[in-house]
Amino acid sequence: MKNATKFIYEPGEHESEKASNSYLMSLIALIAGLPLPIINLIATLIFYLGNRKGTFFVRWHCTQALLSQLSMLFINSFGFWWTVSIIFTDDTISDKYIAYMIAALIFNLAEFIATIYTAIQTRKGIHVEWWFYGNLTNLICKA
Amino acid sequence: MKKIIIQGVTIIALFISIWFTLTQINWLTIFKVQKITDNTEQKIGELFWEIFQKTEKENTNPFVVASVDSIVTKICSSNNIDRELIKIHILDKDDINAFALPNGYLIVYSGLILNSDNQEEMIGVVCHEIAHIQLNHVMKKLLKEVGLSVLISMTTGNGSSENIRETAKMLSSSAFDRNLEKEADIKAVDYLVKAKINPEPFANFLYKISEMENDATKYLTWISNHPESKERAEYIIEYSKGKKIKYESILAIGTWDKMKEKLRE
């Protein structure tokens, strides 16, 4: 799902650190705001807005981190509100619900691992493009 | 651009197919969800029944109990309902009321029996309450009104006794929502027809009571918490039309009258 490709220029030490931080930001926020799926998105968004005017390498990775968080938001929000409706309304736990939560967990775990891997690689100055998200970022983020 | 769309759709399709595949597994059995739910229902039912047992007087007259029991047994056997599931109790109270509690408890006030002109009227109301039990309306309502967390805390002994009492009273004095009431009415007619009991008196009972609504409504609990009695009577009549069956009575006329006499004692 991930490709380490050459970036158009060699990022400097400071850039690598900032780009890596954009992934770390989402990880920390994920742990802090686990029950509420919106918190990690907000944290990544704040980091993105703060680095909007940064160098291309930093901007590119902030965008990729933000996009990946955005898609997880849909999956997690749906699961979150489904759980709320089970606790507070007459909705009951079903096979469908448990299956959804497991599928959401698999996707979150995959995203979590990919984020850690990318944070490490970008810190080393290695450019990592995710499958789908990398292409999408290329489309949005111009040099 | 096309490549990105294809990749995006692939991710969505991947998620849906994982979800769909996982749905094929019977998770509820694996996690014993049903067992936990059943245990919760059983405990709550017992807790609520204990409250009514302490605060109201139960009628244990063998003749009354046997008569009501034979009615419930007939309804259950004609409709493939597990008789063991329905735990019927008669309380000596003037209110015209009957209600279902979790775990199959069915409470009938003597006022309901005494104000029924014939056995079919009372059986109609009993069938309506059995329908609520069979359609799992009681637990649905509890989950909606008080939530799962409060219900679980009640069963684990952490709920306040005041809270338990109020919830139990709420079940006895408030209706389900309109759709659930209609569903129970229709199901009750099915039960009646299968047991070869004329559903018309059940509708008449609603008509009769709706007329009484203008008078003192003090004792009309079952009706005051079941609104639109006239409308209900109409759709019951409409639904039972065309069911050409030779209707029978469960109790002999003499038995029905004697039961009322015993209740008045």
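Buried means under 20% relative accessible area, exposed means over 50%, and partly exposed is in between (1.4 Å probe, protein chains only). Keep that handy for the tour.

A word on what is on your screen: this is a predicted model, where local features need pLDDT of at least 70 and side-chain atom pairs count only at pLDDT 80 or more, while totals for chains, interfaces and linings use all residues. Residues are numbered from 1 along each chain as its sequence is written, chains are lettered from A and ligands numbered from 1 in the order in which they are written, and side-chain values use heavy atoms, with hydrogens and water left out.

**Stop 1**

Select Lys93(B), which is partly exposed with a relative accessible area of 27%. Lys93(B) lies in the loop between strand E1 (87-91) and strand E2 (98-101), and Glu56(B) in the loop between helix H3 (33-55) and helix H4 (62-78), so the pair ties together parts of chain B that are 37 residues apart in sequence. (Helices are DSSP runs of H or I with at least four residues, strands are runs of E with at least two, and both are numbered from the N terminus.)

**Stop 2: a bridge inside one helix**

Go to helix H9 (residues 161-173) of chain B, where Arg165(B) and Glu162(B) both lie, three residues apart, about one turn of the helix. Show their side chains and you'll find a salt bridge of 2.9 Å, N to O. Arg165(B) is partly exposed at 34%, and Glu162(B) is partly exposed too, at 42%.

**Stop 3: a buried pair**

Next, pick Asp185(B) and Arg232(B), whose side chains form a salt bridge of 2.7 Å, N to O. This one links distant parts of the chain: Asp185(B) sits in helix H10 (residues 178-194) and Arg232(B) in helix H13, 47 residues apart. Are these two buried or exposed? Asp185(B) is buried, with a relative accessible area of 0%, and Arg232(B) is buried as well, at 3%. Over all chains, a search of the whole structure finds nine salt bridges.

**Stop 4: H11 beside H13**

Colour helix H11 (residues 200-212) and helix H13 (residues 229-240) of chain B. Their axes come within 8 Å and cross at roughly 165 degrees (axes are lines fitted to C-alpha atoms, for helices over the stretch in contact, and angles run from 0 to 180 degrees between N-to-C directions). That makes H11(B) roughly antiparallel to H13(B), the word for angles over 145 degrees. Among the residues making the contact are Leu206(B) and Tyr207(B) of H11(B) and Arg232(B) and Ile236(B) of H13(B), where contact means heavy atoms within 4.5 Å.

**Stop 5: a histidine in H7**

Finish at His137(B), in helix H7 (residues 137-145) of chain B. His137(B) is buried, with a relative accessible area of 0%. Which residues does His137(B) touch, not counting residues up to four places away in sequence? Select His132(B), Phe176(B), Leu180(B), Glu183(B) and Ala184(B) to see them.

Methods
Parallel < 35°, antiparallel > 145°, perpendicular 65-115°, else oblique. Salt bridge = Lys/Arg side-chain N within 4 Å of Asp/Glu carboxyl O.
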